[in-house]
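User: I have a structure on screen and want to learn how to read its features. Can we go through it one feature at a time?

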Amino acid sequence: MPELPEVETIAQDLQTLILDKEIASVSVKWERIIFCPTPDEFRRLLVGRRIVSISRRGKYLMAQLSDGNYLLVHLRMTGQLLTSPPAEKDRKHVHVIFEFADGTSLYYADLRKFGRFYLVSDTQPLLGGLGPEPLSPSFSADELHKRLSKRKQRIKPLLLDQHFIAGLGNIYVDESLHRAKIHPLRRASELSREETVCLYDSIVAILSAAIASRGTTLSDYRDAKGNLGSHQNDLQVFRKAGQPCPRCGHPIERLVVAQRGTYICPACQPLQAQDTANCDSHSLLVSI
Ligand SMILES: [Zn+2]
């Protein structure tokens, strides 16, 4: 499922591909994709509007329109925004088509149909509860430590909670915890400051590397031009059960944490807190 790096890649693509374009028509083939307003209102309010900015918040893509409204999209499991129509065999999965005044189009395809569009005048009800952006200059290891120290939950479910920190999902949480040598079931408030610094550095390094490689394509993710990302080639543990840990050689194991398949190296990520943090995050930078 698209997480922060994938949504960021699509947002950056769309900034060069559809910014300033005027929407000439909107075709909705699967109406439940439109969460609000009604599909008829959705079409009526969009036609004739220009796209004045494109950005990302958490896993939401956001386009500001010339009338001041915002079009938000959450791709959920298998949503794709494509500037060219998908291959013939996949056309049945196209549920919304935007045609622009210059003759180009944007296609929303979604195999599982869980994605949602929102057309709103105020983004606060949808985005106001999201946690901080992990790559924002205003977010820091100190801030993460302060927030973790107040929480008794286990670290993996907390990092998946979009109200705690925005944009992380199953892939990047597992990769970040492995890099920081933290077991996903450790209690958040029990992480030392050194471990938290290591976790923060790991999250930032992994998200940045994944954006640089245009996201992770394990199955459905495509950028706005229909291309695959390449960060799947750099994953260390995610969906690699039985394979040797790239750091220590111990076989990677699969657990279930918060009902999510979870991949760890039991040698690098012990459940008991270690006496001293042994972060080697920086030495791993060369391999990611
Ligand atoms: Zn290991």
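Analyst: Start with contacts: two residues are in contact if their C-beta atoms, placed from the backbone, lie within 7 Å. Keep in mind that this is a predicted model.

User: Which residues does Gly229 touch, not counting residues up to four places away in sequence?

Analyst: Gly229 touches Glu6, Thr9, Ser213, Arg214, Gly215, Thr216, Thr217, Tyr221 and Asp223. Gly229 sits in the loop between helix 7 and strand 10.

User: Is Gly229 buried or exposed?

Analyst: Count the C-beta neighbours. The cut-off for buried is 20 or more other C-beta atoms within 10 Å. Gly229 has 21 C-beta neighbours inside 10 Å, so Gly229 counts as buried.

User: Now a loop residue elsewhere. Where is Lys59 found, and is Lys59 buried or exposed?

Analyst: Lys59 is in the loop between strand 3 (51-57) and strand 4 (60-65). Lys59 is buried, because 22 other C-beta atoms lie within 10 Å.

User: What is Lys59 in contact with, leaving aside its neighbours within four places in sequence?

Analyst: The contacts of Lys59 are Pro2, Glu3, Leu4, Val7, His74 and Gly167. For a separation, take Glu99: Lys59 and Glu99 are 40 residues apart along the chain, and their C-alpha atoms are separated by 24 Å.

User: Next, sheets. How do strands pair in general?

Analyst: Strands of a sheet pair through backbone hydrogen bonds, either parallel or antiparallel.

User: In what order do the 4 strands of the open sheet come?

Analyst: The order is 1-7-8-6, and the pairing is antiparallel. Strand 1 (23-28) and strand 6 (79-82) are the edge strands, each pairing on one side only. On average, neighbouring strands of this sheet are turned by 10 degrees against each other, direction ignored.

User: Over how many bridges do strand 6 and strand 8 pair?

Analyst: Strand 6 pairs with strand 8 (residues 105-110) over 4 bridges, in the antiparallel sense. One to find on screen: Gly79 has Asp110 in strand 8 as its bridge partner.

User: What do strand 10 and strand 11 form?

Analyst: Strand 10 and strand 11 form a hairpin, with 2 residues between them. These two strands pair in the antiparallel sense over 5 bridges. Val257 has Arg260 in strand 11 as its bridge partner.

User: Which residue in that turn has a positive phi?

Analyst: Ala258 in the turn has a positive phi of about 55 degrees, although Ala258 is not a glycine. Ala258 lies between strand 10 (253-257) and strand 11 (260-264). Ala258 is partly exposed, with 17 other C-beta atoms within 10 Å.

User: What is the phi of Asp20, and is Asp20 buried or exposed?

Analyst: Asp20 has a positive phi of about 75 degrees and is not a glycine either. Asp20 is found in the loop between helix 1 (4-17) and strand 1. Asp20 is exposed, because 11 other C-beta atoms lie within 10 Å.

User: One more backbone feature. What is the peptide bond from Cys36 to Pro37?

Analyst: The bond is cis, with omega near -5 degrees. Pro37 lies in the loop between strand 2 (34-36) and helix 2 (39-46).

User: Last, helix packing. At what angle do helix 6 and helix 7 pack?

Analyst: Helix 6 (residues 170-179) and helix 7 (residues 193-212) pack at about 130 degrees, with their axes 8 Å apart. The two helices are therefore oblique to each other. Helix 6 passes helix 7 in a right-handed crossing. The contact uses Tyr172, Glu175, Ser176 and Arg179 of helix 6, and Leu199, Ser202, Ile203, Ile206, Leu207 and Ala210 of helix 7. The contact residues divide into 6 nonpolar, 2 polar and 2 charged.

User: At what angle do helix 4 and helix 7 pack?

Analyst: Helix 4 (residues 141-149) packs with helix 7 at about 120 degrees, with their axes 9 Å apart. That makes helix 4 oblique to helix 7. Their crossing is right-handed. Helix 4 contributes Ala141, Leu144, His145 and Leu148, and helix 7 contributes Arg193, Thr196, Val197, Leu199 and Tyr200. These residues divide into 6 nonpolar, 2 polar and 1 charged.

Notes. Residues are numbered from 1 along each chain as its sequence is written. This is a predicted model: local features need pLDDT of at least 70, side-chain atom pairs count only at pLDDT 80 or more; totals for chains, interfaces and linings use all residues. Two strands pair if DSSP finds at least two bridges between them. Axes are lines fitted to C-alpha atoms, for helices over the stretch in contact, and angles run from 0 to 180 degrees between N-to-C directions. Angles under 35 degrees count as roughly parallel, over 145 as roughly antiparallel, 65 to 115 as roughly perpendicular and the rest as oblique. A crossing is left-handed if the near helix is turned anticlockwise from the far one by less than a right angle, and right-handed if clockwise. Ala, Val, Leu, Ile, Met, Phe, Trp, Tyr, Cys and Pro count as nonpolar, Asp, Glu, Lys and Arg as charged, and the others, Gly among them, as polar. A residue is buried if 20 or more other C-beta atoms lie within 10 Å of its own, exposed if 12 or fewer, and partly exposed in between; C-beta atoms are placed from the backbone.
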